[in-house]
Amino acid sequence: MDTNPQPQPPFHETNEDTPEIGGGLPVIEYWAKHTLSPQGPKLWKTLLHKSACLSCSWGTGGQKGGFTNEEGEKLQRCMKSVEAISAEIQPPVPAHFFETHAIADLQQLSSLEADRLGRLSFPVILRAGSDHYERISWEEIYTIATAAFQKSPERVASYSSGRGSNEAAFLLQLMLRTIGSNNLADCSDLCHAPSTTALQSMFGTKTSIVSLESLKQADCVVLAGANSPSNHPRLMNELIKLRDRGGKVIVINPIMEIGLVKFGSPAFPVKSLIPGSKIASLYLQPIPGSDVALFVGIQKALIEQGRVDRTFLQAHTEGWEAVLEQARSLSWEVITTTCGVSQTEIQAAATIIGTSKGVVFGWAMGITQHTNGVDNVYSIANTALISGQIARMGAGVMPVRGHSNVQGFGSMGVTVKLKEEIKQALEKLLGRSLNLPKGYHTRDLIEAAEAGKVDSLICVGGNLYGANPDSTQAKRALGNIDTIIYLATKPNIGHFNGLAKTNTILIPVLNRFENPHKTTVESGNNFVRLNDEGTTHLKGADLISEVEFLTELAHRLLGDYPVEWRKLQDTRYVRQLIAKTIPGYEKIATIDDTQEEFTISDRIVTKPHFKTPSGKAKMLITPLPTLTLPKPEDFGMSESANTLVLALMTGRSYSQHNTVVYKVGDQYRGMPHRHCILMNRLEAEKIGLSEHDRVTVQGDAGKLDNVEVIYGAVRIGAALMFYPEVNVIFKAKTEARSGTPAFKRVPVLVYSEK
């Protein structure tokens with residue numbers, strides 16, 4: 001399809017329930033409903049508390065106050081943060097709830113229903129042979145946990161999410177590595193691991209090299225594979241301001257997300273809230289999984305337009321000749337056929353990039369969650385380097401992370417790929433070598449558990465069951481583990497389906513704004529925020545902080561080696577250890593005295609020198625993917641007029657944070673509930689489907705029946721369904737270098753139930 005490039009993409013037909021703008025008055029209505037409700041005073045108290053946002057890693061909060069970002073700008077709260085806080089200030093789960101609800105009944109709960117049960121306020125255990133969780137004493141918890149983690153080190157593991165603090169993350173990895181285990185799986189293994197893998201190879205860093213200050217100096221943003229109106233709403237304010245100062249935004253997404261076309265921000269009530277602000281200057285809709293072809297096409301167009309910065313390439317990169325030759329030699333027919341985007345549109349994108357003074361390339365899981373996710377990131381970074389749009393203020397590459405401290409956990413060493421500098425510092429602390437086995441990332445952990453190779457698991461936040469593909473496998477694998485300990489603030493579906501063979505312990509912990517000690521977190525732009533002490537609204541609750549639990553367990557396992565673990569319940573001492581161990585975190589040693597939040601040193605790149613052995617960026621060739629879909633007979637069904645094979649993208653709804661669902665529907669896509677499939681109208685009509693018809697959607701691990709067809713602005717050949725519910729139908733096809741599953745290109749068979 002050859003079309004004139006417009007902000008409205010080729011596949012723009014929505015359904016009648018889709019609004020004209022994202023954000024807007026529904027955000028204000030939600031705020032009003034919750035802040036004026038009986039829980040309003042608690043909500044405002046938390047909003048104003050000096051702590052970082054609980055939602056995405058576009059971090060706000062800290063010592064400047066709950067509404068403030070790192071640039072000191074006020075009114076930086078959004079609907080996502082209010083949703084997260086509202087869930088945390090719920091009443092407790094009733095005292096006798098677990099006595100009256102069998103595990104079989106709890107397994108029928110949806111994610112939303114599990115979250116709405118309330119806050120966990122006392123510890124419980126599900127013992128082998130029992131069908132009910134029951135209350136348990138702390139002494140018995142420590143007895144069971146100590147025995148569990150005294151097992152052979154290669155048979156114990158952890159899993160974590162960005163819900164916790166840097167201090168808890170540091171203690172977790174120190175405890176596991178001291179007992180000899182490198183099995184530190186993390187939720188980032190399932191999302192941005194291709195980003196960290198690619199950025200480390202190319203630039204010697206694993207994080208964004210762009211600060212918020214630098215982003216404010218860009219006059220173009222390329223945003224690929226991200227639904228930021230839903231998942232990173234505060235980023236939208238920066239895009240609005242960029243457009244207001246004459247800049248341009250290139251959006252790359254197989255779905256036309258209405259908020260990326262036009263977004264109404266409460267931060268600008270007069271000019272933006274009701275009329276909406278234009279976001280996309282150019283909206284490209286590639287075939288899912290074809291991003292390498294699209295970016296190589298942009299590189300080819302830059303070459304043909306004479307917009308390659310050869311001076312920069314020669315001075316500051318290596319491997320650039322081969323990358324340019326690949327782009328030059330590929331035909332336009334191959335590129336456009338592979339990605340499904342016209343040559344005209346690709347050339348328009350190259351012109352915008354090549355004529356802009358400063359371009360920031362941002363991306364999220366639409367880029368990473370593919371079997372070639374690392375190559376996708378390589379291709380983006382290659383494009384930035386070829387155009388010279390990197391290593392200066394207003395230009396660079398910026399993975400956009402969707403969890404508030406997921407990057408901090410990686411910085412603290414919660415990863416199977418430990419930085420050499422951290423390894424050496426830990427070896428000095430331990431007084432011995434840390435040449436441990438490779439370790440299990442998240443997918444390896446599930447595979448190892450299924451094979452009976454894991455005895456004990458501690459989960460610090462997260463939902464290991466719900467976040468994995470092939471829910472049946474995840475349930476079976478976790479059921480092979482003897483002891484699982486979950487640290488959580490609220491119940492989730494993993495606590496009822498991810499059950500251990502012998503003991504499943506559910507420990508209620510304090511959240512970020514309730515801890516009795518100061519903690520820190522890290523934003524996606526490498527800024528460290530300080531969280532003040534707080535108190536919980538739960539009266540008479542039997543809660544514990546993650547720091548207290550981890551230090552007490554470590555003391556019982558290790559005594560006073562290599563540190564006085566109980567002394568570290570005062571988090572000031574943890575921060576002293578972090579300062580000595582984690583590169584760039586030196587300022588955390590004095591943060592208690594200075595109250596000075598800071599940007600981690602040596603991460604933001606504003607001069608063309610990189611942390612590689614040569615000091616140059618390493619450019620790498622990115623093979624074009626071969627994107628084929630199976631035939632109906634591959635699903636065990638003969639080809640007929642009423643079957644359709646699609647590339648299914650799994651994603652969050654608007655009111656969702658990771659696996660936690662806050663609302664049943666998605667008003668911005670016109671999807672009334674979670675048992676829907678968003679399809680292009682023309683695609684549906686091929687097999688005689690009308691909107692609201694019911695279909696079966698079948699993957700390689702199972703199927704879902706009675707799924708409602710919703711028409712949407714998704715490109716032909718693709719569709720969207722909601723995770724985690726859809727996880728049950730497909731197996732894990734993972735990116736080999738990073739271990740991240742391909743959630744964004746799942747082959748499925750759709751057929752009518754008529």
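Setting aside residues up to four places away in sequence, Gln667 touches Asp17, Thr18, Pro19 and Pro26. The model here is a predicted one. As for where Gln667 sits, its place is the loop between β23 and β24. Its relative accessibility comes out at 33%, so Gln667 counts as partly exposed, falling between the 20% limit for buried and the 50% limit for exposed.

Once residues up to four places away in sequence are left out, Val664 touches Leu112, Pro672, His673 and Arg674. Val664 and Met175 are 489 residues apart along the chain, and their C-alpha atoms are separated by 39 Å.

Ser55 gives a buried counterpart. Its place is in the loop between α2 (40-47) and α3 (79-88), and at 2% relative accessibility it counts as buried, the cut-off being 20%. Neighbours within four places in sequence aside, Ser55 is in contact with Lys80, Ser81, Gly402, His403, Ser404 and His657.

On to the rings. A pair of aromatic rings is described by the distance of the centres and the angle of the planes. Searching the whole structure turns up nine aromatic pairs. One of them joins Phe97 and Phe98, an edge-to-face pair with 5.3 Å from centre to centre and 85 degrees between the planes. Phe97 and Phe98 are both buried. These two residues also belong to an aromatic cluster, formed by Phe97, Phe98, Phe122 and Tyr133.

What about Phe730 and Phe743? Their ring centres are 6.0 Å apart and their planes stand at 90 degrees, so this pair is edge-to-face; the angle needed for that label is over 60 degrees. Phe730 and Phe743 both lie in the loop between β27 (718-722) and β28 (746-752), 13 residues apart. Phe730 is buried, and Phe743 is buried as well.

Two lysines are placed over rings. The charged end of Lys271 sits over the ring of Phe268, at 4.7 Å from its centre. Over at Tyr573, the face of the ring has Lys567 lying over it, 4.4 Å from the ring centre.

Next, a helix pair. Helix α15 (residues 291-304) packs against helix α19 (residues 343-355) at an angle of about 65 degrees, and their axes are 8 Å apart. The crossing of α15 and α19 is right-handed. On the α15 side, the contact is made by Leu294, Gly297, Ile298, Ala301, Leu302 and Glu304, while α19 brings in Ile346, Gln347, Ala349, Ala350, Ile353 and Gly354. By type, the residues of the contact of α15 with α19 divide into eight nonpolar, three polar and one charged.

Most residues other than glycine have a negative phi, and most peptide bonds are trans. Tyr561 and Pro562 are joined by a cis peptide bond, with omega at about -10 degrees. Pro562 lies in the loop between α28 (546-558) and α29 (571-581). Another cis peptide bond runs from Tyr723 to Pro724, where omega is near 10 degrees. Pro724 has its place in the loop between β27 and β28, the loop that also holds Phe730 and Phe743.

As for phi, Asn526 has a value near 70 degrees, which is positive in a residue other than glycine. Asn526 is placed in the loop between β17 (519-522) and β18 (527-531), and it is buried, with a relative accessible area of 0%. Asn706 likewise has a positive phi, near 60 degrees. In this case the residue is found in a strand, β26 (residues 703-711). Asn706 counts as partly exposed, at 39% relative accessibility.

Terms used:
Residues numbered from 1 in each chain as written. Predicted model: local features only at pLDDT ≥ 70, side-chain atom pairs only at ≥ 80, totals over all residues. Heavy atoms only, no water. Phe/Tyr/Trp six-rings, centres within 6.5 Å; stacked < 30°, edge-to-face > 60°. Buried < 20%, exposed > 50% of the residue type's maximum accessible area, 1.4 Å probe, protein only. Helix = DSSP H or I, 4+ residues; strand = E, 2+ residues; numbered from the N terminus. Lys NZ or Arg CZ within 6 Å of the ring centre and 35° of its normal. Contact = heavy atoms within 4.5 Å. Axes fitted to C-alpha atoms, helices over the stretch in contact; angles between N-to-C directions. Left-handed = near helix turned anticlockwise from the far one by under 90°. Nonpolar A, V, L, I, M, F, W, Y, C, P; charged D, E, K, R; others polar.
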